[in-house]
Amino acid sequence: MAPVVRQIQKHIANSATDADSSGTYRIAEINKALELAVAAKIDSLQLKAIAGKSETLNWYFTDQSESYTKDFLQFSELKKDTFYIAMAKRDLGRYYATKGKDTLAYGLLNNAKQLLDNRGKEDQEMYILLLQSDIVERSNDYGMVADLNVDVLKLNKKNNNRYYYASANNNLGIADKSMHNYRKAIENFEKAADSTDEPEDRWIIKNNIGLSYTYLGDYAKARPIFESVIQKTTVDATKARAYDNLGFMYYKAGDAKSLEYYKKGYEIRSNNPMLASDRIVSELHLSDYYKKSNPELARQYATTAYDRATKMRRIDDRLEALKRLTALSSGVAVKSYSLQFQELNDSISRVRQSKKNTFAQIKYEYKDTQEENLRRKASEAQKTAQLAKAETQKLGLAILILIGGSVIFFVFRRMREKNRIEKLLESYKTETRIAKKVHDELANDVFNAMTFAEIKDLSDAENKEILLESLDKIYTGSRNISRENSTIDTGTLYPEQLKEVIKGYKSERVNVMSSGMDQINWDEVDPTKKIVVYRVLQELLVNMKKHSKSSLVVVRFQLDANRIQIDYSDNGVGIDKNKLALKNGLQNVETRIKSISGTYTFDSVPNKGFKVSFSFPK
């Protein structure tokens, strides 16, 4: 790897540090990376740095982000890079969501996800779905909130990311709580609390669990939860919410202790300017507490809550305050507050219903586009097949001669290029293996096709179709041999290339899954070892396809200290342990692993699958 590339990647990594919460250090590092990438004229790293700066601006310098992210989108479109086009649209969507432009934001996010479909970018897709969920929640469309977060959990089955699992379950809990499905809400909240790695996030979720028990009237379970959160959290917002929730629990139970805890929560919120919006909730609760014992004081709290909610543009809190003011007033004031409530409620209901309709339409159009793409691909495949059948006899014979004459030369040339880089197996063994493969898999097909062309009347449509099917089989065979012996890019594109070779063995019959690959910094791994990993997995997958009759294959990558461990397993017919040493493919695997000072174990039982684990120093 060139020194400048290492420098750029180092600055990009530094820009993601948690050391500077203000973002100043982050933006300085990403600017250094971008400057070096532009000077070196490395488009891929330039795009990566621009994407990092766009995201940093989005998080820490929001007012500067819109213009820059639009330039990022334009540059990505110029380079025709689908992934970064999606990232730019995601960042723009997030920006517009913070500005309250929900419809525009949701559409951009949906378009970004559509661009990422089936590209192996599940983490990015899940993040976009969570952003969409936050937008939809503001419109009180909890049914769609649930749908979006179920989609997150489906995508997460492959990556098993704890953060996304916790976030999705917490959102499902919020949706269920809002729809009064409190027991289901508790179930989802508990899944979220058990899986989060952040203690403070856990106390936020515990607050939600306690509140759900409160709504169920199960105060015996709610009280210790709130008390535990108050004792353990170090965050003012969470502690104040726990005090307020505990006060609400006592209020629901008809216990005068509620005032003590309401006031504690209100005091924390009043002393912290960042909690002004939460202060509204405390004022509404205090208004409820005093409505019978001191109506004038209750009206004062409701009025203060209404004024603060109006200033902060919090529509739902304004409505709640107007409800209380209507109940606490008399005469002309009652009519005035009632009319304000009705007008505001009607207005926000129309806006939210309009947004719900728009979100639903976008979702429908997205699914319709997916179906249309599938129909278009099927139509294109059918046209291609029809064109192939319409080939003339001359074209068919020409293709036959070309393939028959060039396959062996092409494969051996690729083999020589590979050996110049790899140098792991003696060239004689490799040549023998490839020659045998060509002889066994292609030579007979080429001879049979040529014989068929000589003795059959190719003007007959049926004979012509048989010949074309033979040609297609020969072409597929030669392409597979070529792919198995092609050169390997050990640079920055290596992870994507490795993913592609693994995914290439997935079919309708066999599901091939991998996990943990992105946790390894492949730029730090020796190129020779990258080649060995690629070839070993390729050998195992080829053997699986030929012999194992598997329906499921799992490849798992782990980084343990300074060693990389890779576990392969399938649910195929397996191999008798006493006969493992007789398998040529496994001998090749052993030789390769030993060449990089690696260790390995094979485990197999007939009809119970086959497992290989190997590790090597990074």
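Modeller: What follows is a set of questions about labels and the values behind them, for a model that is predicted.

Colleague: Let us start with the pair in helix α2: why is the contact between Glu29 and Lys32 called a salt bridge?

Modeller: The closest N and O atoms of Glu29 and Lys32 are 3.4 Å apart, and because the cut-off for a Lys nitrogen and a Glu carboxyl oxygen is 4 Å, the pair qualifies. The two residues are three apart in helix α2 (residues 24-40), which means that about one helical turn separates them.

Colleague: And what makes Glu29 buried or exposed?

Modeller: Glu29 has 5% relative accessibility and therefore counts as buried, since buried means under 20%.

Colleague: What makes the meeting of Lys191 and Glu187 a salt bridge?

Modeller: The N to O value for Lys191 and Glu187 is 3.9 Å, and because the criterion is within 4 Å, the label applies. Both residues lie in helix α10 (residues 182-195), four residues apart, about one turn of the helix. Lys191 is partly exposed with a relative accessible area of 35%, and Glu187 counts as partly exposed at 38%. The structure holds 29 salt bridges, and a network of them links Lys121, Glu496, Lys499 and Asp518.

Colleague: Which ring does Lys121 lie over, and what makes that a charge over a ring?

Modeller: Lys121 lies over the face of Phe83, at 4.8 Å from the ring centre, and Arg94 lies over the face of Trp59, at 3.7 Å from the ring centre.

Colleague: Why is the pair of Tyr600 and Phe602 called tilted?

Modeller: Their ring centres are 5.4 Å apart and their planes stand at 40°. Centres within 6.5 Å make a pair, and planes under 30 degrees apart would be stacked while those over 60 would be edge-to-face, so an angle between these limits is tilted. Tyr600 is partly exposed, with a relative accessible area of 26%, whereas Phe602 counts as buried at 17%. The structure holds 17 aromatic pairs, and Tyr266, Tyr289, Tyr290 and Tyr301 form one aromatic cluster.

Colleague: What makes the phi values of Ser597 and Asn607 worth a remark?

Modeller: Most residues other than glycine have a negative phi. Phi of Ser597 is near 60° and phi of Asn607 is near 70°, each a positive value in a residue other than glycine. Ser597 is in the loop between α24 (584-595) and β4 (599-604) and counts as exposed at 55% relative accessibility. Asn607 is in the loop between β4 and β5 (610-617) and is exposed, with a relative accessible area of 65%. Both labels follow because exposed means over 50%.

Colleague: How do you know whether Asn149 is buried or exposed?

Modeller: Asn149, in helix α8 (residues 142-159), has a relative accessible area of 0% and is therefore buried. Its side chain reaches the backbone oxygen of Val145 at 2.8 Å and makes a polar contact with the side chain of Asn171 at 3.0 Å; the limit for a polar contact is 3.5 Å, so both distances fall within it.

Colleague: Finally, which residues have the most contacts inside the largest nonpolar core?

Modeller: That core has 52 residues, and those with the most contacts inside it are Phe72, Tyr84, Met87, Tyr106, Ile135, Val136 and Val152. Helix α5 (residues 82-98) gives the most to this core, with 10 residues. A second, separate core of 38 residues includes Val501, Leu537, Ile566 and Leu586.

Methods. Residues are numbered from 1 along each chain as its sequence is written. This is a predicted model: local features need pLDDT of at least 70, side-chain atom pairs count only at pLDDT 80 or more; totals for chains, interfaces and linings use all residues. Side-chain values use heavy atoms; hydrogens and water are left out. A nonpolar core is a set of buried Ala, Val, Leu, Ile, Met, Phe, Trp, Tyr and Cys residues joined through side-chain atoms within 4.5 Å. Buried means under 20% relative accessible area, exposed over 50%, partly exposed in between (1.4 Å probe, protein chains only). A salt bridge is a side-chain nitrogen of Lys or Arg within 4 Å of a carboxyl oxygen of Asp or Glu. Rings of Phe, Tyr and Trp (its six-membered ring) pair if their centres lie within 6.5 Å; planes under 30 degrees apart count as stacked, over 60 as edge-to-face and the rest as tilted. A charge sits over a ring if NZ of Lys or CZ of Arg is within 6 Å of the ring centre and within 35 degrees of the ring normal. A polar contact is a pair of N or O atoms within 3.5 Å; within protein, one must be able to donate a hydrogen and the other to accept it, and residues adjacent in sequence count only if both atoms are side-chain atoms.
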